[in-house]
Amino acid sequence: MIYAKKKVKDNIKVSADIFKLTIKGNFKAKPGQFYMLKAWEEGLLLPRPISVHEVNEEGITFLYAVVGKGTKILSKLKENDEVSIMGPLGNGFDVESIKGKVAVISGGIGIAPMNYLIKSLKGCSVDLYAGFRDSSYGLEEVEEYVNSIYVATETGKTGYKGFITDLLKPEEYDLVICCGPEIMMKKVAYMCMEKGVEVYVSMENRMACGVGACLVCTCKTKEENKRTCKDGPVFKGRDLVFSD
């Protein structure tokens, strides 16, 4: 798989240090998959892995947080600027197998892949639980696709003051899906396992190549070490060994 050069449609700031980048072209992806993006010269910085937020007739959209030099460069892109992009990568979610009452849990920028996932689910009853540090974002896009949205912020600026896991009752669901900080996903996974509820997590490990060659993104499972980019990023929560 090689990088293709594409043009930017728009790159909109949606919240503090949160941007939504849309790239023109015909793209395919499963919910939960990601692309490697770069908008700099070869050798300056590694490409950045960013999960798919949306795919439609306008192109492909990525919701991302500015957390370092690479994403800072991405945030400066304007209409018709050029981006090198490779993907789709990773396993993604098997949406056809997801049935029943589903809880989707996100923490911070973990909301990014949940938009495409929620819109792709058919015949499910979905509740969204979204946790943020201060201000919420990305919720208006999925309002019509879910039954309820529960919001928690650490500062109490929006919704419940505290952690989103405080609001979750996994025993009320057939399946739980989560993406966000590892400490949050660990808590969700343990809560679900205690209640005998299946849980899927989308890992966000640091990556370099995106295709499983460099082993930078290795995560521990009960069987063996797995490559997050190639074997994941979606795993069954009961299979993972979380760090202490």
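Buried residues are those with under 20% relative accessible area, exposed residues have over 50%, and partly exposed residues fall in between (1.4 Å probe, protein chains only). The structure is a predicted model, in which local features need pLDDT of at least 70, side-chain atom pairs count only at pLDDT 80 or more, and totals for chains, interfaces and linings use all residues. Residues are numbered from 1 along each chain as its sequence is written, and side-chain values use heavy atoms, with hydrogens and water left out.

UniProt lists Cys209, Cys214, Cys217 and Cys229 under "binding site" in an unreviewed entry. They span 21 residues of sequence but cluster in space, with a largest C-alpha distance of 10.1 Å. Such annotations may be inferred rather than shown by experiment; feature names are shortened and positions follow the numbering used here. Cys217 sits in the loop between β13 (198-202) and β14 (218-220). Its relative accessibility is 3%, so Cys217 counts as buried. Cys229 belongs to helix α4 (residues 228-231). At 1% relative accessibility, Cys229 is also buried. Helices (H or I, at least four residues) and strands (E, at least two) are DSSP runs numbered from the N terminus.

A further "binding site" annotation from the unreviewed UniProt entry covers Arg48, Pro49, Ile50, Ser51, Gly70 and Thr71. Arg48 is part of strand β4 (residues 48-51). Arg48 counts as partly exposed because its relative accessibility is 22%. Beyond four places in sequence, Arg48 contacts (heavy atoms within 4.5 Å) Tyr35, Met36, Leu37, Trp40, Gly70 and Thr71. Thr71 lies in helix α1 (residues 69-75). Thr71 is buried, at 7% relative accessibility. With neighbours up to four places away set aside, Thr71 touches Arg48, Tyr64, Ala65 and Val66. A polar atom of the Thr71 side chain lies 2.9 Å from the backbone nitrogen of Val67.

Nonpolar cores were then considered. A nonpolar core is a set of buried Ala, Val, Leu, Ile, Met, Phe, Trp, Tyr and Cys residues joined through side-chain atoms within 4.5 Å. The largest holds 27 residues, and Ile111, Met114, Leu117, Ile118, Leu128 and Ile177 have the most contacts inside it. At least two residues each come from β6 (59-65), β8 (100-107), α2 (112-120), β9 (124-132) and β12 (175-179). Domain 1 (4-89) and domain 2 (95-239) each supply at least three residues of this core; the bounds come from an automatic or database domain assignment. Another core, of 23 residues, lies apart from it and includes Ile164, Tyr173, Met203 and Phe242.

Key. Polar contact = N/O pair within 3.5 Å; in protein donor to acceptor, adjacent residues only side chain to side chain.
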